[in-house]
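Hi,

Here is the structure I said I would pass on. Have a look at it first, and then read my notes below.

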Amino acid sequence: MSLKAPVTFFLLIAVAGLAVFPHFSDEFYLEFFTHLMVMGIFAMSLDLLIGYTGLVSFGHAAFFGLAGYLLAIVTPQDEAVALWLSLPVCLGGAALAALVIGWFSVRTSGIYFIMITLAFAQMLFYYFNENEALGGSDGIFIFSKPFVGFGDWQIIDLANPTTVYYFVLASLVACYLLLTVMLRAPFGQVIQAIRANEHRTRALGYDTQRYKLVAFVIAGTMAGFAGYLEAVSTGIVSPGHLHWHNSGLVMMHVILGGMGTLYGPILGAFILGLLHDQVQEVTEHWHLVQGVFVIFVVLFLPRGIAGLVGRLFGRPPDLDLEENRVAGEDGNKVDAEPNGERTK
Amino acid sequence: MDLTTFLIQTLNGVQYGFLLFLVASGLTLIFGIMGIINLAHGAFYMLGAYIVYWLMGYTDNLLIAVLVGLPIMLAVGYLIERFAISYLYDRDHLYQVLLTYGLILIFNELQKIFWGTDFYSVPVPSVLGGSVTLTETQVYPVYRLFISLICMTIAAGMYVLIGRTRLGMMIRAGASNREMAQVLGINIGRVFAIVFSLGAALAAFAGMVGAPISSVYPGMGDQILIISFVVVVIGGIGSIKGAFVGAMLIGLADTFGQVLLPDFASVVVYAVMALVLLWRPQGLFGKA
């Protein structure tokens with residue numbers, strides 16, 4: 001039985017539910033759900049790397065935070081900056097950072113890639129954390145929300161939480177559709193081929209490094225978009241946005257929801273976020289619960305909730321992952337030296 | 001910068017490099033031999049420092065605190081290897097990252113529960129409390145020299161252990177061909193447990209002897225972990241020699257960066273990493 005129809009059905013219901021949610025919600029949960037949707041976009045962008053290209057980036061928060069800081073930098077003290085101006089600047093900045101970091105990182109693979117992306121993200125974190133002009137470790141406020149309109153005519157008012165909510169919901173749907181189309185296009189097919197077996201893809205004549213770099217830049221830009229939305233909705237940017245715990249958190253969203261699906265990461269962001277909200281009521285030691293929870297997921301639910309759903313609907317277990325492990329990093333060694341079995 | 005300041009900063013850099021080496025060598029060994037990326041390694045460093053702080057409340061003697069603390073950390077390392085890491089040998093790096101990240105969250109929270117969020121200091125042992133006079137105005141603390149000396153001894157000990165002993169032979173055999181070593185009758189599971197516990201103890205030891213010069217504070221593990229990653233990446237993953245050279249390079253770069261470029265001090269080490277990677281993407285001593 002194909003999973004496509006039930007999943008599409010579920011997604012339509014979920015979007016409809018999110019669309020009517022503001023009518024039943026108080027302001028706290030409205031802003032909370034806005035945040036969860038932003039994290040959904042952020043997690044989806046990371047899944048493009050982890051789940052589709054096979055690049056385990058542990059520094060994804062860098063682009064999220066950088067775009068937010070850029071918005072704070074381009075927004076003047078006492079007046080609003082146009083969305084048409086600030087959004088391209090912030091996304092461009094995130095893309096540029098992803099290009100530079102990606103250029104260094106995609107030349108490596110496996111554990112190097114993880115460590116290098118983490119180290120570069122921490123470099124940006126320390127830079128902003130110690131930059132007193134940008135508020136240092138306290139972060140910086142954005143007093144005026146970006147202005148959406150022409151001249152004096154305002155189309156939507158981003159100072160209104162409900163408007164921001166719908167703006168973010170529309171962005172979430174748009175990002176989902178964009179990625180869906182992209183993954184069906186030839187480019188998306190190539191990056192998925194890289195994930196399955198980079199050697200064969202290269203042998204077919206594709207410049208895999210360049211494809212990986214482009215995927216890294218696209219993912220970084222989308223993470224920047226999420227960071228921009230987070231800055232717009234909360235009105236504050238802090239070094240915490242760039243911290244590696246944020247990279248770890250979004251990675252958890254991807255795995256919990258199920259990597260290699262686009263809805264999984266969004267689901268992961270919502271489930272972990274709601275769990276956090278509930279646990280907070282009972283105990284202040286959320287990280288303890290979170291730690292135990294993530295270990296549980298790794299040991300018992302490696303394909304995430306999407307994998308669980310797949311199993312419940314009788315789809316044969318997805319063996320991609322195992323293939324990838326053998327053919328990916330270790331495969332390189334097999335090709336490089338005859339007795340390369342040693343690492344397994 | 002005059003010659004004396006240069007000398008002092010060099011000594012500081014080397015001493016910091018030695019501490020980094022203790023943490024980074026465990027990290028690189030655990031990866032090189034077991035194929036595990038262990039994010040919780042920084043947490044061991046933090047635990048070492050906190051355990052010494054806690055034991056100093058009872059004994060006042062750093063040596064006794066370290067001698068009592070080390071077996072505790074060996075046991076902690078062993079238990080973690082048995083009950084968590086050992087399930088990850090055949091899994092993707094992604095899951096190793098996540099599980100050990102989960103361990104960090106747990107350790108950091110436990111640290112907060114037991115010791116709170118205050119900064120603590122551990123006194124320098126009185127025997128080593130003196131200073132060496134360099135010039136009329138400049139002195140250098142004996143304790144820092146002592147740390148360098150101890151770390152040098154440990155580095156030499158590791159070299160002998162891995163290169164010259166039977167256990168070292170088993171470790172190297174397990175690293176180069178796990179199945180073949182097993183067929184030849186080596187209990188690889190036990191070797192891995194030993195390597196992991198030793199790595200944990202090394203990191204904890206660095207935290208213990210480092211406690212009197214840096215203070216003991218929450219998040220100290222995260223910081224050392226990421227710097228150790230930089231060291232390991234520069235040196236080449238799996239190479240102890242690389243970890244040593246990388247640790248010295250970063251120790252000196254960080255120390256001199258703080259003196260010469262105070263505004264960009266925290267960025268200097270990453271710039272060094274980027275430069276090394278430009279030149280050799282697999283690290284200085286890494287295999288391509």
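**What I found**

Chain A exposes about 15000 Å², and carbon and sulfur atoms supply 65% of that area. Keep in mind that this is a predicted model.

Staying with chain A, you'll find 15 helices and four strands in it. Its radius of gyration is 20 Å, close to the 20 Å that the globule rule gives for 344 residues, so chain A is as compact as a globular protein of that length. The C-alpha trace spans about 65 × 40 × 40 Å along its principal axes. Of the 344 residues in chain A, 54% are buried. If you take contacts between residues at least 6 apart in sequence, 76% of them join residues at least 24 apart.

Is S45(A) buried or exposed? S45(A) is buried, because its relative accessible area is 1%, and the cut-off for buried is under 20%. Its side chain has a polar atom 2.6 Å from the backbone oxygen of F42(A), and makes a polar contact of 3.0 Å with the side chain of H60(A). Beyond its neighbours within four places in sequence, S45(A) touches H60(A), A219(A), M222(A) and A223(A).

Over in chain B, look at helix α6 (residues 166-176), where G168(B), I171(B) and G174(B) are buried. They lie on the same side of α6(B), because they cover an arc of only 125° around the axis. Their cover includes α1 (3-34), α5 (142-164), α7 (178-183) and α8 (188-210) of chain B. At the start of α6(B), a side-chain oxygen of T165(B) comes within 3.1 Å of the backbone nitrogen of G168(B).

Cheers

Terms used. Residues are numbered from 1 along each chain as its sequence is written. Chains are lettered from A and ligands numbered from 1 in the order in which they are written. This is a predicted model: local features need pLDDT of at least 70, side-chain atom pairs count only at pLDDT 80 or more; totals for chains, interfaces and linings use all residues. Side-chain values use heavy atoms; hydrogens and water are left out. Buried means under 20% relative accessible area, exposed over 50%, partly exposed in between (1.4 Å probe, protein chains only). A polar contact is a pair of N or O atoms within 3.5 Å; within protein, one must be able to donate a hydrogen and the other to accept it, and residues adjacent in sequence count only if both atoms are side-chain atoms. Contact means heavy atoms within 4.5 Å. Helices (H or I, at least four residues) and strands (E, at least two) are DSSP runs, numbered from the N terminus. The arc is that of the directions from the helix axis to the C-beta atoms. The radius of gyration is taken over C-alpha atoms; the globule rule is 2.2 Å times the number of residues to the power 0.38. Accessible areas come from the Shrake-Rupley method with a 1.4 Å probe; for residues, only the protein chains shown count as cover.
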